[in-house]
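This report describes strand pairing and selected side-chain contacts in a protein model, and may be read with the structure shown here.

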Amino acid sequence: LVFDISDEGNPKYSRSVPQVGGPFESAFTGDGRQVWVTNLDSNAVAVVDAGTWTNTAVIRGAQFQQPHGIVLSPNGQDFWVSNRYQGGGMHDHEGHHPTGSGTAVSICVATRTVDGDVPVGHYAAGLSVARPVSAPPAPKPCR
């Protein structure tokens, strides 16, 4: 869902952007031109153009198993996505039905490819990252 917040005290619904299945969390690129959306039910991450509000890419891979949280790295080069790896339904917040160890997956913004993943234990959900005090430099090509 997209809201117009030009009047911050009075947000207005603007439009919706269809997703591939189970949109969960989203994060903007540092320049605000793209929104990346985890799609929990379809094991994918969508890239949305924030100028046209259309999907421009869907990133899939074996590393995605219920992608949940998403954050942009402080340098703007990578998105990190948490993956829950659990059975029992989308809203089983206790994580009592693990199907594997959760992971944090790094995706290169420039190439939209997976850089790597890190095992982090069961029910990897929300993420956060410290932001630099000043604006980050323009993203550089990933490895």
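Six bridges join strand β9, which spans residues 102–108, to β10, and the two strands run antiparallel. Within this pairing, serine 106 in β9 has glycine 116 of β10 as its bridge partner. The model is a predicted one, and the values that follow are computed from it.

The pairing of β9 with β10 belongs to an open sheet of four strands, in the order β7-β8-β9-β10, with antiparallel pairing. Its edge strands are β7, at residues 67–72, and β10, at residues 114–121, each of which pairs on one side only. From one strand to the next, the twist averages 20°.

Another antiparallel pairing links strand β3, residues 23–28, to strand β4, residues 34–39, over four bridges. Here phenylalanine 28 stands opposite valine 35 of β4. The hairpin that these two strands form has five residues between the strands, and glycine 32 takes a positive phi near 75° in this hairpin.

The side-chain contacts can be taken next, and three of them are set out in the table.

| Contact | Residues | Value |
|---|---|---|
| Salt bridge | arginine 33 and aspartate 31 | 4.0 Å, N to O |
| Charge over a ring | arginine 84 and phenylalanine 24 | 6.0 Å from the ring centre |

Side chains of opposite charge can pair when their charged atoms come close. The count of salt bridges in this model comes to one, and it is the side chains of arginine 33 and aspartate 31 that meet in a salt bridge, at 4.0 Å from N to O. Since the cut-off for such a contact is 4 Å, the tabulated distance of 4.0 Å should be read with that limit in mind. Arginine 33 is exposed, and aspartate 31 is exposed as well.

Where does arginine 84 place its charged end? The charged end of arginine 84 sits over the ring of phenylalanine 24, at 6.0 Å from the centre of that ring.

Methods
Residues numbered from 1 in each chain as written. Predicted model: local features only at pLDDT ≥ 70, side-chain atom pairs only at ≥ 80, totals over all residues. Heavy atoms only, no water. Pairing = 2+ DSSP bridges. Axes fitted to C-alpha atoms, helices over the stretch in contact; angles between N-to-C directions. Buried < 20%, exposed > 50% of the residue type's maximum accessible area, 1.4 Å probe, protein only. Lys NZ or Arg CZ within 6 Å of the ring centre and 35° of its normal.
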